Amino acid sequence: MRSYTRKSIVWNYFEMRQDKQSVMCNICKKQYKYYGNTTNLKEHLKRLHPAALVKKEDQSAKKSTTQGYAEKCTTPATAASSSSNLNRIKNKPAETSICTTNVKRARQSVEDSAEVILITEEYRQLLDNLVVKLVVTDFQPLSIVEDRGFKELVANLNPNYSLPSKKTLSKQLLPQCYYKLYAGLIEKLHSQDHMSITTDYWTSNTEKAYISVTAHFIQDWKLHAITLAIREVSVSNNSEDTGAVLKDILDEVGVFDKVVTIVTNNAENMKQAVLNDLNKHHHPCVAHTVNLCVNDALDSIKGLSPILTKCRLLVGHFKLCTLSYRKLHQKQEEMGLQALGLKREVPTLWNSTYLMMERLLRLKQPLSIVLAELTLESAPNNLSGSEWAIVTDCVVALKPFITITEELASEKYVTMSKIVPLIKGLQFTLRLVSVDTFVGEQLKESLLDAISNRLGYLEVNKMVAKATILDPRFKTAGFGIDSNARTAQDWLTEELAIILENKTEDAPEVIELTEDMVETKPQIVDEGNLWLHFDQKVANASSVEEPNSMSAIMVKQYFETKLLPRKDDPLMYWKDHERFFPELANLAKKYLSIPATSIPAERLFSKSGYMLNERRSRLPSKNLNEILFLNANM
């Protein structure tokens with residue numbers, strides 16, 4: 001009998017049988033005839049157990065770099081990872097990689113050239129978490145793990161990794177990631193003193209109703225928005241049921257007493273639920289109110305309605321008629337223009353009327369040419385010259401409303417304090433808008449009336465006023481009426497006095513402000529007495545003594561600091577000045593964290609639309625909540 005040695009790596013995985021003529025694979029227990037060499041044994045490992053051929057030094061040298069998501073979901077995994085199969089194939093001789101014309105031979109080339117990673121338990125967890133991340137980040141259906149193409153891709157990347165089943169993904173992996181992240185975020189929420197809530201309803205294409213709740217707060221002088229829940233509701237959406245659902249969600253998280261205000265749309269059921277059933281302050285979504293102003297103005301002008309109807313018919317024709325749609329695109333290309341489509345007006349979509357008219361105006365020339373060439377009996381009539389002039393005036397008049405909506409829609413920047421100065425800016429800009437038609441002039445006046453009726457009161461709203469005055473970019477300068485600014489200052493002083501009274505420790509020391517922090521008072525200069533009256537008024541106003549109380553002194557010192565440039569971050573100001581005004585800084589966290597709109601809730605439902613399509617129509621609400629929670633918070 002020929003002797004054998006154990007120098008080959010195959011003997012780490014094969015065991016010689018007692019007869020010395022056969023061997024058994026320790027991995028799959030398959031037996032082979034032993035002929036005195038290891039060629040057939042190595043071939044067995046290459047075909048069925050390619051991980052066995054990975055050298056130990058390669059395993060220790062190569063580390064996984066995709067650990068960010070795993071840190072949030074499970075224990076961080078660092079495992080060996082090889083270079084991509086594609087790069088290794090490119091580095092092989094041409095006679096090997098040229099086999100790409102034959103699918104079977106190409107796959108064999110990958111298997112021959114790739115050092116497939118041994119799947120440890122730690123590395124398997126990492127790969128499982130990346131599958132969860134794929135579903136969560138890209139809104140893939142849970143059934144992707146059963147898709148033939150995806151399974152083939154994963155098998156070629158590493159044949160040793162077995163994808164989790166759809167059941168395992170939905171019942172185990174997704175909940176595990178959700179609860180680990182949920183626990184960490186709840187701990188963060190409990191460390192906050194104040195927060196605000198945005199919430200809204202949504203109905204899916206399967207006619208199921210959902211409610212979303214997002215918490216907003218400032219931590220480490222950064223704005224944070226945490227999705228608390230996307231919950232399916234089987235009850236009606238009246239105020240009592242809405243209040244009960246919201247109370248249940250906030251109690252479940254343990255933050256009900258920390259909520260300063262709840263931001264919703266202007267629906268009466270939402271407003272009553274917040275005010276009457278939850279006994280919380282209600283803040284109306286300013287973006288929704290701006291949209292109502294536009295709708296009020298458009299509906300009030302009789303001469304505008306027929307023109308809007310013609311615009312809708314034009315858009316509808318080109319959306320439904322393939323021939324007309326293709327001709328419009330061809331005409332744009334012939335004219336050297338970017339090929340654009342028309343935009344349909346959607347009643348529930350903010351600013352959609354403006355977007356429809358603005359796109360029609362941009363495509364006026366190619367659109368008019370195509371309409372003139374069409375011989376279809378069903379083709380709509382083009383707008384007349386006077387009607388195009390009215391559309392032009394409407395677009396000019398409505399554009400500032402697009403700007404204010406965009407300014408107030410952000411989740412990453414302070415928005416509550418911008419409401420008052422932006423409304424004043426909207427009124428000022430609208431008055432300067434130049435229109436050429438009588439309908440355009442009517443629209444301007446109607447828009448100004450709607451702004452005063454629906455938005456004018458916000459300057460004397462306590463929440464909005466305090467946020468404005470606590471923003472170092474605005475302070476009292478952000479108000480349009482001086483008396484409203486003084487009232488806001490009094491509200492701030494009163495709340496600060498209550499805080500100081502409730503403090504158990506000694507009253508805080510009043511810190512002397514440095515010269516570079518204090519705003520320089522204007523000097524009275526004699527310029528032929530034309531400005532004397534104004535300079536005296538400003539000087540006298542700057543020297544008025546405030547009541548001798550700690551809160552008044554602190555507020556006065558804050559007002560004496562320089563106004564922050566408008567484009568600077570107010571949170572960075574408070575980060576730098578927290579040691580000077582600690583109580584005021586806490587109030588800044590309380591009020592500047594409030595979003596001006598409920599758009600964060602609506603963005604969640606836009607994502608829900610991606611999830612609850614035809615392929616995912618039966619996705620359980622529990623999984624929907626987990627996916628959207630992870631997508632929003634990871």
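Me: Which residue stands opposite methionine 195 in β7?

Reply: Valine 259 is the residue opposite methionine 195. Bear in mind as we go that this is a predicted model.

Me: What makes β4 and β7 a pair of strands, then?

Reply: Two strands count as paired if there are at least two bridges between them. Strand β4 (residues 195-203) is joined to β7 by three bridges, and the two run parallel. Three bridges meet that cut-off, so β4 and β7 are a pair.

Me: How many bridges join β7 to strand β8?

Reply: Four bridges link β7 to β8 (residues 281-284), and these strands also run parallel. One place to look is threonine 264, whose bridge partner in β8 is proline 284.

Me: Which way do β4 and β5 run, parallel or antiparallel?

Reply: They run antiparallel, with eight bridges joining β4 to strand β5 (residues 209-219). You can find threonine 203 opposite alanine 209 in β5, and tyrosine 201 opposite isoleucine 211.

Me: What is the order of the five strands in the open sheet, and what is the pairing called?

Reply: The order is β6-β5-β4-β7-β8, and the pairing is mixed. At the edges are β6 (222-233) and β8, each of which pairs on one side only. From one strand to the next, the twist averages 25°. Helix α11 (residues 268-277) packs on this sheet, touching β4, β7 and β8, and its direction makes about 155° with that of β8.

Me: Why are β1 and β3 said to stand at the edges of their sheet?

Reply: Their open sheet has three strands in the order β1-β2-β3, with antiparallel pairing. Both β1 (14-16) and β3 (31-33) have a single partner strand, so one side of each lacks a neighbour in the sheet. Neighbouring strands here are turned by 30° against each other on average, direction ignored.

Me: How do you know that β2 and β3 pair?

Reply: Strand β2 (residues 22-25) and β3 share three bridges in the antiparallel sense, and the requirement is at least two. For an example, look at valine 23, which stands opposite tyrosine 32 in β3.

Me: Which residues of α12 and α17 meet, and how many are nonpolar?

Reply: From α12 come Val286, Ala287, Val290, Val294 and Leu298, which meet Leu398, Phe401, Ile404, Thr405 and Leu408 in α17. By class, the contact has nine nonpolar residues, one polar and no charged ones.

Key: Residues numbered from 1 in each chain as written. Predicted model: local features only at pLDDT ≥ 70, side-chain atom pairs only at ≥ 80, totals over all residues. Heavy atoms only, no water. Contact = heavy atoms within 4.5 Å. Nonpolar A, V, L, I, M, F, W, Y, C, P; charged D, E, K, R; others polar. Axes fitted to C-alpha atoms, helices over the stretch in contact; angles between N-to-C directions.
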